[in-house]
Amino acid sequence: MAMKEVTLPVSGMTCAACASRIERKLSKTEGVISANVNLSMERAKVEFDPQKLNIADVIKVIEDTGYSVPTSEVELDIIGMTCAACANRIEKKLKKTEGIVDAVINLATEKGKVKFISTIVDESQIIDVIRGIGYDAKIRKDSLESFSKEKEIISKRKMLIISALFSFPLLIGMFVHFLKIESLSFLINPYLQLLLASVVQFYPGMQFYKGAYLSLKDKSANMDVLVALGTSAAYIFSFVNVFRGGDLYFETSAILITLILFGKYLEAVAKGRTSEAIKKLMELKPASARVVRDGKEIEVSVDDVRVGEIVIVKPGEKIPLDGEVVEGASFVDESMMTGESVPVEKKVGDEVIGATINKNGYLKVKVTKTGKDTFLSQIIKIVEEAQSSKAPIQRFADVVSAYFVPTVIGIAIITFLLWYFWLDAGNFTRALINFTAVMVIACPCALGLATPTSIMVGTGKGAQLGILFKGGEYLETAHKVNAIVFDKTGTLTKGEFEVTDIVCAEGVDEEYLLMMAASAEKMSEHPLAQAIVRKAESSNVQFKNTTHFEVLSGLGVAAEIDGKKIVIGNEKLMQVTGVDCSVLKSVKEELDSEGKTTFYVAENEKLLGIVSVADSVKEYARETIEKLHKIGISVYMLTGDNKITAKAIAKKLKIENVFAEVLPNEKADKVNEIKSAGKIVAMVGDGINDAPALATADVGIAMGTGTDVAIEAADITLVADDLRKIVAALMLSRATMRNIKQNLFWALIYNIIGIPVAAAGFLSPIIAGAAMAFSSVSVVTNALRLKKWEFKF
């Protein structure tokens with residue numbers, strides 16, 4: 001039986017050690033194949049055997065580890081219920097649906113409340129389940145929860161304010177003590193200080209005790225353990241001295257907690273900004289659609305629109321869902337999807353993408369995709385999965401984090417013993433202060449956030465540019481690419497023949513030559529013939545009536561136009577029909593050497609001229625190849641074309657490595673051949689026959705205009721048919737990896753320098769706590785710099 005993979009939201013994690021603990025617990029569970037927990041995204045991706053456990057079992061493991069799997073809630077208006085049995089039936093069906101935690105259907109109010117896990121099932125799927133058993137449902141407009149983490153941020157802000165209000169008098173009390181300010185001497189009353197510090201320690205600070213308990217219960221340690229031990233040492237020491245006399249350090253424990261809460265609050269705000277890319281994508285989704293039902297135009301929620309229905313889109317409005325234009329013509333702004341600023345012309349038969357903007361025409365669109373099947377939903381899914389995945393470089397941080405906290409506790413204990421028994425023998429206060437400073441300056445969070453925050457921002461930036469990375473590992477691998485292989489047809493070239501040259505015999509008008517050639521070829525279905533017809537149409541040439549059309553196998557075509565015999569074809573056809581073509585033979589040979597297909601055109605045994613046809617090179621193809629060379633990447637071209645045509649295209653594009661006459665099943669072998677030479681290879685393709693090569697390459701890049709099979713096999717998808725985005729993808733990968741390495745450097749150097757300095761007694765716990773609080777913020781802030789990254793071609 002096939003393995004099952006689910007992505008679950010996880011709340012309650014505070015540092016990398018938390019994520020590692022959940023991963024270990026899940027991995028040890030029988031039936032779990034793999035587990036990947038992402039701290040920044042607060043997601044757990046779990047692959048498991050459905051014969052041995054189910055999603056509820058996976059959730060229980062996470063909850064038993066001390067964390068929770070949050071649920072979303074939606075309220076529905078239910079239509080079509082007639083009795084209690086209807087309500088019960090809907091309830092049972094919903095509760096059996098994977099991803100739905102609970103469902104309550106009220107017959108009297110005709111409403112339903114459904115709790116669900118948003119990463120497994122969404123609102124439109126819930127409605128589809130209800131419709132599937134004969135009822136209907138609509139989302140109550142005021143029921144959907146916001147995507148943002150506003151609730152979490154509000155909660156953190158509340159705890160920070162309480163902690164600050166009760167810590168501030170203790171901070172003032174410290175200055176009162178040193179400066180001997182008599183008017184404020186009440187602030188150094190030991191019982192008042194005990195009261196203030198206790199509120200901070202056991203209300204805002206309780207979260208650290210809970211986190212530490214759950215961590216130690218699971219035989220591991222995280223940041224909460226360090227904070228709980230460090231602040232408790234200062235608090236307990238001061239508590240004892242209140243009754244026996246001695247120095248008080250209540251301000252140390254209280255201000256430490258306040259500073260750490262401040263850091264966590266800023267981190268939550270910054271982390272919220274790292275997921276702005278997905279928020280912006282979600283905000284693109286239109287809320288309503290104008291649907292034609294029973295001959296009437298009505299406005300309904302987008303979630304209520306079904307496949308096959310006709311929606312009306314007026315100028316300036318968003319196209320609600322993916323579909324096909326059945327009436328009207330317009331220009332559509334697709335920049336939010338493809339990154340291309342120029343509006344695209346749409347007419348009857350053309351496909352349109354939901355959430356794009358209809359600029360100036362009236363359109364009727366037949367809906368082809370809804371819910372999670374839409375192009376926008378697929379983009380969101382790819383970006384979410386990429387942001388949830390781990391890049392290989394993160395494994396280094398995970399290994400360090402696993403041993404980090406126990407090592408720090410060991411160093412703190414050694415620090416205490418050295419100071420108390422040797423460096424300042426018998427001075428318990430100084431030994432305790434240095435012990436506390438070591439505990440609170442160490443920050444595993446910065447290390448844990450270094451990679452995932454950059455991956456989140458990098459993949460989000462890619463999505464804004466129309467570059468979809470399917471995972472963090474591909475974003476990382478792309479920066480190592482030093483060889484890139486292009487499939488020719490449809491990737492470097494348009495895959496559509498165009499007339500490139502028209503050469504007339506002496507005394508012949510070009511328009512006349514094109515008119516006679518196109519009129520004859522209009523009867524042919526051949527792609528080369530159609531290229532000549534399209535050229536005539538675009539040049540507004542008048543077509544003549546054609547009779548006696550005939551295809552001459554291996555030679556060309558013959559036809560009669562206005563009583564004149566027209567022949568179009570190769571040199572052999574000219575010889576057979578008695579046409580002297582020697583005057584233009586050298587021109588034809590030159591055009592043939594450029595990889596073009598050339599025809600002679602003759603009328604009544606007299607040569608009119610030559611028409612040359614070729615698969616034209618895409619816009620920006622040459623510039624893209626030049627840029628790839630500049631950034632040190634070798635370029636290869638694969639094609640099934642003959643060597644003359646292949647070399648002609650390669651010469652035009654300045655590609656030095658060409659594989660011609662390659663069969664579709666040989667493309668993957670050629671990629672392997674390049675890899676065996678020690679190259680890190682990216683393959684760019686768009687067709688079904690490119691899929692094996694895309695999968696074989698270190699990084700597969702699919703053009704968004706290509707087939708679904710190619711896109712599925714690729715690691716990076718370019719939404720727009722713009723070759724420049726290939727360079728952008730590689731440059732963005734390099735920028736992201738630079739950012740990750742900066743984060744890892746600062747996170748490591750901070751701890752490598754900070755811990756010894758604190759152990760040496762040069763840092764007070766308050767300064768150490770402030771440094772610890774801001775180390776995570778600095779890492780997230782550095783990752784956010786990627787949002788300003790711009791691709792300059």
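In this predicted model, the cover over the buried residues of helix H1 includes strands S2 and S3 together with helices H2, H7, H13 and H15, whose residue ranges are tabulated here.

| Element covering H1 | Residues |
|---|---|
| strand S2 | 32-38 |
| strand S3 | 43-48 |
| helix H2 | 55-64 |
| helix H7 | 206-217 |
| helix H15 | 444-464 |

Helix H1 itself is made of residues 16-27, and its end C-alpha atoms lie 16 Å apart, which agrees with the 16 Å that twelve residues should span at 1.5 Å a residue. Because nine of those twelve residues are buried, H1 is largely enclosed by the rest of the structure; the buried residues are Ala16, Ala17, Cys18, Ala19, Ser20, Arg21, Ile22, Glu23 and Leu26.

Together with Ile413, Ile414, Leu417, Leu418, Phe421 and Leu423, Trp422 makes a nonpolar surface patch of about 750 Å².

In soluble globular proteins, nonpolar side chains tend to be buried together. The largest nonpolar core here has 134 residues, of which Leu8, Met13, Ile62, Ile484, Phe486 and Leu628 touch the most other members. Helix H26 (residues 724-759) supplies the largest share of this core, 15 residues. Apart from this core lies another, of 26 residues, including Ile502, Ala505, Leu513 and Ile568. Beyond its neighbours within four places in sequence, Ile484 is in contact with Leu628, Ile633, Ser634, Val635, Tyr636, Ala682, Val684 and Ile726.

Terms used. Residues are numbered from 1 along each chain as its sequence is written. This is a predicted model: local features need pLDDT of at least 70, side-chain atom pairs count only at pLDDT 80 or more; totals for chains, interfaces and linings use all residues. Side-chain values use heavy atoms; hydrogens and water are left out. A nonpolar core is a set of buried Ala, Val, Leu, Ile, Met, Phe, Trp, Tyr and Cys residues joined through side-chain atoms within 4.5 Å. Buried means under 20% relative accessible area, exposed over 50%, partly exposed in between (1.4 Å probe, protein chains only). Helices (H or I, at least four residues) and strands (E, at least two) are DSSP runs, numbered from the N terminus. Contact means heavy atoms within 4.5 Å. Patches are made of residues with over 30% relative accessible area and no salt bridge: like charges are joined within 9 Å, nonpolar side chains (Val, Leu, Ile, Met, Phe, Trp, Tyr) within 5 Å. Accessible areas come from the Shrake-Rupley method with a 1.4 Å probe; for residues, only the protein chains shown count as cover. A salt bridge is a side-chain nitrogen of Lys or Arg within 4 Å of a carboxyl oxygen of Asp or Glu. The expected span of a helix is 1.5 Å times one less than its number of residues.
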